[in-house]
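Student: Can we go through this one term by term? I'd like to see what stands behind each label.

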Amino acid sequence: MSFWRNFGFQPISHIESILDRDFFTLEDLFDEDELLQECKTQNKRLIEFLIKPESLNGMFEFITKEAPEEAERKRKENYPFLASEILCMDIQPLIEAVYRDDLYLQQLYEFLNKPNFNLGLAAYTSKVAINFLGRKTIDLLIFSIFQPKQTMAYIKKQDNIVEKFIKHLDKSPVVDILLKIISIEEYQGGAGTLDWLDRCNLIGGIIDEFDPTLDSEYHENASFILSEIVEMTRNVSDSPLLERLESEEMIKKLYSYILKDIPLGTTFLYGLTVIIRLLRRDKDNSKHEPVVTPLEELTPLFKESIVHIEEFNKLLKQTSEASFTTTTGPLSPPLGFHRLKVIEFFADLINSRYLCIDKKIMELDILSTCLELFFKYPWNNLLHSQIHQICQIILYSENDELKMSLLKEAKLLDRIIEADQANTNELKQVKGIRYGFMGFLNSIAQSICDVSKNSPEIKQIVDENPKWGVFVSESLEPVLNIENEPLGEFKPSLMTAPESAEEDDDQYDNDDNGYDNYDSVGDYVSADQYQDQMDYSDEDDYEGNPKPVNYIEEEDDEEEDDDIRFQQQQQQQLNHHDNQDESNEQSQQPEQPEQSQDEKTIQESEAVVETPKESSVDQESTEAKTESS
């Protein structure tokens, strides 16, 4: 770099000018726009200044200590941003300087000791902390340094560090750091992290944050962390954190918080979300066949779920006095997110394939309750999707008893027929609208027809209902036939070369009634000129070796319409071509001087007499030319 600068090929940057001074501060460098670019290019002099203890201490203060109220805006906003960007860069000397002294890591995690802190500043702190936790740095000349190992060694030495994280669980920057620590196990140098977190009672502390007396931010972030732990260990069977989460103690504690949330609030919603995530994980690791397991031998997750399943069924039947008006009309009472979450919970319970759970659901007649809500709220597609999933799981399962319960006890066939008739009556009304659940309803009906082909029991139930055959033939099959047809009539693209001359003509063989106002073609180019602009190959080329034709790949609709109009006018232009030529010849003849009325009369009489003679002379000259040729 100095070579080019010495010979004047590159101007000296402002950063270099500052570094040439006898005295300057860190703030002087941070005021320059070129700072980050010079750091990325590994400016040696700049990096040597930044790795000094006073410079490092200043950058960590920018991201950890809140600026005074009277400070300038650049100190509150620009400096923290620049400091976080520099500390996150892959600058080897800078990283080594940070790890030479625990003072900088102490500054980084000091905000956890405060009861409250600036969230904007904490975001920069979290960014730098996550960067040091996740990066692996290797010094090829001396030794290897694994940042996760060194950072975790410092974190583990701190007293009650996990409790401090949980205390600030309502703040997203803390959640981000905690999730990064949980994922350190897969990094080189991070082995044993999950065992340490388990010994620090991480799972128990997070579940305690579902206490209904706490704010909703605690419930939401606690649910998010536990769900992420389940996702991280989807294919891991020996995770200590997951084993702790699925233990009987933790499941009972979580259910106690969920059902204690009266009136229903965020604890119920986010707590039940964690249960659903665990149910789905168990389904991912199990087979699709029905599982014959006694109730006493189920895992704590399913055992406690069955214990409280009756309470959840009662919640589905509870209604509130709330009401409001929607775009489809008044809604009283609304379904609500809590009852929707309960139906999602039932769907995953049924999908677990445990016969003892299916039996409990049939005893409580939960399927009837779900179907009643399905038809009561015709415009809630989230509800329809969940119940449609329940019906699909049951119909395509191996549990014939559960299928019979859905069709007979829950009266699914009769409900479908009644809803279809109500939809038909609605469409006959003025401005009638098709019910919102009809798409899901037809899908369920189609599944019933498919299953009945291979199941004698289902076929018998279907055949015993005389109205079902009428519904299938008059309502279901016409709809399915329409849905199976392609959308719109197939038409070849106008921008694709035709395969033959006949197709070329047929392509533009449209009704000309809509183009009567184009008889006057004076405003358009002539047919010969337009033909020169078109890039078509000969017919022989299409039949033999087709030549590639260059067409514009992207055309606006207006341009395509203009092409069609031009083609349709082409024939009209050719018809008027002779008339245009005659008019052009007349226009090209030199103008004659004005004649008197007597002269015009004499010329007209002479023309009448001379016309036959001129015709005979022309004929004789033509015959002479023919004989000579």
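This is a predicted model: local features need pLDDT of at least 70, side-chain atom pairs count only at pLDDT 80 or more; totals for chains, interfaces and linings use all residues.

Student: How many helices and strands does the chain have?

Tutor: The chain has 36 helices and four strands. Helices (H or I, at least four residues) and strands (E, at least two) are DSSP runs, numbered from the N terminus.

Student: What percentage of the residues in the chain is buried?

Tutor: Of the 629 residues, 41% are buried. The cut-offs are under 20% relative accessible area for buried, over 50% for exposed, and partly exposed in between (1.4 Å probe, protein chains only).

Student: Why does glutamine 392 count as buried?

Tutor: Its relative accessibility is 18%, so glutamine 392 counts as buried, given that the limit is under 20%. Glutamine 392 sits in helix H25 (residues 381-395). Leaving aside neighbours within four places in sequence, glutamine 392 is in contact (heavy atoms within 4.5 Å) with Ser443, Ile444 and Ser447.

Student: And what share of the contacts with a separation of 6 or more is between residues 24 or more positions apart?

Tutor: That share is 70% for the chain.

Student: Which residues of H27 are buried, and what do they pack against?

Tutor: Leu412, Leu413, Arg415, Ile416, Ile417, Ala419, Asp420 and Asn423 are the buried ones. They pack against helices H24 (366-376), H26 (400-409), H28 (438-452), H29 (456-464) and H30 (466-484). In general, an α-helix has 3.6 residues a turn, so residues three or four places apart point the same way.

Student: What makes H13 and H16 roughly parallel?

Tutor: Helix H13 (residues 172-182) and helix H16 (residues 216-232) pack at about 20°, with axes 11 Å apart. Axes are lines fitted to C-alpha atoms, for helices over the stretch in contact, and angles run from 0 to 180 degrees between N-to-C directions. Angles under 35 degrees count as roughly parallel, over 145 as roughly antiparallel, 65 to 115 as roughly perpendicular and the rest as oblique. H13 and H16 are therefore roughly parallel to each other.

Student: Which residues make that contact?

Tutor: From H13 come Val175, Leu178, Leu179 and Ile182, and from H16 come Asn221, Phe224, Ile225, Glu228, Ile229 and Met232. By class, that is eight nonpolar, one polar and one charged residues. Here Ala, Val, Leu, Ile, Met, Phe, Trp, Tyr, Cys and Pro count as nonpolar, Asp, Glu, Lys and Arg as charged, and the others, Gly among them, as polar.

Student: Why is methionine 232 called partly exposed?

Tutor: Methionine 232, in helix H16, has a relative accessible area of 36% and is therefore partly exposed. Not counting residues up to four places away in sequence, methionine 232 touches Leu179, Ile182 and Ser183. Methionine 232 and isoleucine 182 are 50 residues apart in sequence and 9.2 Å apart in space, C-alpha to C-alpha.

Student: What makes H21 and H24 roughly parallel?

Tutor: Helix H21 (residues 309-317) packs with H24 at an angle of about 25°, axes 10 Å apart. H21 and H24 are therefore roughly parallel to each other. Ile309, Asn313, Leu316 and Lys317 in H21 meet Ile366, Thr369, Cys370 and Leu373 in H24, a contact of five nonpolar, two polar and one charged residues.

Student: Where is asparagine 160 found, and why is it called partly exposed?

Tutor: Asparagine 160 is found in the loop between helix H11 (147-157) and helix H12 (161-167). With a relative accessible area of 48%, asparagine 160 is therefore partly exposed. Asparagine 160 also has a positive phi of about 55° although it is not a glycine.

Terms used:
Residues are numbered from 1 along each chain as its sequence is written. Side-chain values use heavy atoms; hydrogens and water are left out.
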